[in-house]
Amino acid sequence: MTDKKLADWWTESHASLYAKLGGEAAVNAAVDIFYRKVLADPRINRFFEGVDMEKQAAKQKAFLTMAFGGPHNYTGMDMRRGHAHLVQQGLNDTHFDAVMEHLGATMKELNVPGELIAQAAAIAESTRNDVLGR
Amino acid sequence: MTKIKYGRDTYPLGKDQSVLDCLVEHGAPVPFSCRSGVCQTCLMRALRGVPPDASQQGLKDSLKLQNYFLACVCHPMEDLEAALPHEVLSSVPATVAALDPLNGEIMHVALECHDPLEYRAGQFINLFRTPALGRSYSLASVPQQDEHLHLHVRRLPQGKVSGWIHEELRTGQTVELRGPSGDCFYVPGRPEQEIVMIGTGSGLAPLYGILRDALHRGHSGPIRLFHGSRSRAGLYLTGELRDLARKYPNFDYVPCVSGERPAPGLAGGRAHEMAFKEVTDFKDKRLFLCGHPEMVSAAKTRAFLAGAAIKDIYADPFNVNAAAAP
Ligand SMILES: Cc1cc2nc3c(=O)[nH]c(=O)nc-3n(C[C@H](O)[C@H](O)[C@H](O)COP(=O)(O)OP(=O)(O)OC[C@H]3O[C@@H](n4cnc5c(N)ncnc54)[C@H](O)[C@@H]3O)c2cc1C
Ligand code: FES
């Protein structure tokens, strides 16, 4: 595939994932469930201590929008910058795995078909190296 | 380097510095209070340049479109020319109609606006002692029921504005207000939903307004109010709230004291701890949290983990800390 075609394929396939999942409504339904799982998880909740809940929820929403293949403004650089202070505090693969686990469980709870869960997980997974600053 | 133009001067913005910090450092008279994007006292307008979205959070759309922003949380990537809003967004004068102590440290202030102010009970206004010194106070009055605006102002040691209200302000005097702002108020709809209110100290002010607004609009679901103070002397409006509880069977009032043994009729412990003891499941419940910022933040997280949806949690942290003092 040429670069142009690859880009089109990416946009189309992901836009359709977002549409299939139900667009913004799906993100809204998922964000509270997802963020609650994240905050309640002793493996990772120390990274959220002292942060403003509303602002953090907005970030979780942006993350889910991206994972669902929806419109987002993240670049690899923002991901790196946004998580650099957490990497300094020891953020590593096990924490990333925990977040992936909650993403999957959230979508399961919302009865999303397995095949779409796998697609969303693949998108989220593609940010791993940027998030972990590698 | 990003530059901020204000009046005739232009200042370089330091790394990670907010527009407010930059201007204050250079002695520009910009009013501020919370320094965290809550109170809207530091509202400014960009005459040139576009303020970042994050500095417009919580502003009305009409203000956003006119490039208003909150200087304390404004970290622009491009040069800005900033001005104080008073030419455009003028403050409104109000006459002090009454001043009555509610207890040893909280003053009831009734204000008569020279032009009627449209507001919702629980929103807040900014009250100015001087054009550069203003603080936020929540509205305890309900527009359909009360003739005047009502505030409950707690006196803080060396508090620049609360001290002035308690000691120098007199009935008949005219003050300047700006507002209303804030989205901590009762939204009609779902009248059967359970409401839990938790407040400390003068955090009762917005709750008292929201409560009466909800009852007045026929809210039929249970409403529980937990109001806390260290000592019994710090509670107030207990008689009025007990009367409301007798009149409305769906309303329940729990006054709490945390620093002394509770007298009969009072609960022992902090207001939010009492609330979480009595209400364990917050699914589908609406929550109002007002007062001490640590209480508000802790209660928010706890209620969320206990099932409350973020959109059902309304909060006003009062943000009284030394960092807020100019
Ligand atoms: C949305 C919102 C709604 C609010 N609603 C209400 C309300 O309904 N009722 C109410 O009573 N309050 C309310 N507040 C709080 C109110 O706005 C003021 O913050 C409060 O009255 C204190 O203002 P002040 O000017 O009296 O004190 P400030 O002069 O701002 O001082 C604050 C505290 O810091 C201390 N301090 C000052 N300087 C120093 C220093 N150099 N070192 C250490 N400590 C210092 C003072 O002693 C004081 O205790 C609200 C706040 C917000 C954000
Ligand atoms: S919003 Fe800026 S000082 Fe409060």
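Biologist: What share of the residues in chain A is buried?

Modeller: Of its 134 residues, 41% are buried. Buried means under 20% relative accessible area, exposed over 50%, and partly exposed in between, with a 1.4 Å probe and protein chains only. This is a predicted model, where local features need pLDDT of at least 70 and side-chain atom pairs pLDDT 80 or more, while totals for chains, interfaces and linings use all residues. Residues are numbered from 1 along each chain as written, chains are lettered from A and ligands numbered from 1 in the order written, and side-chain values use heavy atoms, without hydrogens and water.

Biologist: Why is Asp312(B) called buried?

Modeller: Its relative accessible area is 8%. The limit is under 20%, so Asp312(B) counts as buried. Asp312(B) sits in the loop between α7 (293–305) and β17 (313–317) of chain B.

Biologist: Which residues touch Asp312(B), apart from its neighbours within four places in sequence?

Modeller: Arg190(B), Gln193(B), Lys285(B), Arg286(B) and Leu287(B) are in contact with Asp312(B). Contact means heavy atoms within 4.5 Å.

Biologist: How many residues surround ligand 1, and which strand gives the most to the shell?

Modeller: The shell has 25 residues, with Ser136(B) and Tyr137(B) among the closest. A residue is near when one of its heavy atoms lies within 4 Å. β9(B) gives the most, with four residues.

Biologist: How do you know what joins chain B and chain A, and how much area is buried between them?

Modeller: Nine residues come from chain B and nine from chain A. Together the chains bury about 930 Å², 64% of it on carbon and sulfur atoms. In chain B, Lys300(B), Phe304(B) and Ile310(B) lose the most area, together 57% of what that side buries. Buried area is the accessible area (1.4 Å probe) that two parts lose on being put together, summed over both.

Biologist: How many helices and strands does chain A have?

Modeller: Chain A has seven helices and zero strands. Helices need at least four residues (H or I) and strands at least two (E), as DSSP runs.
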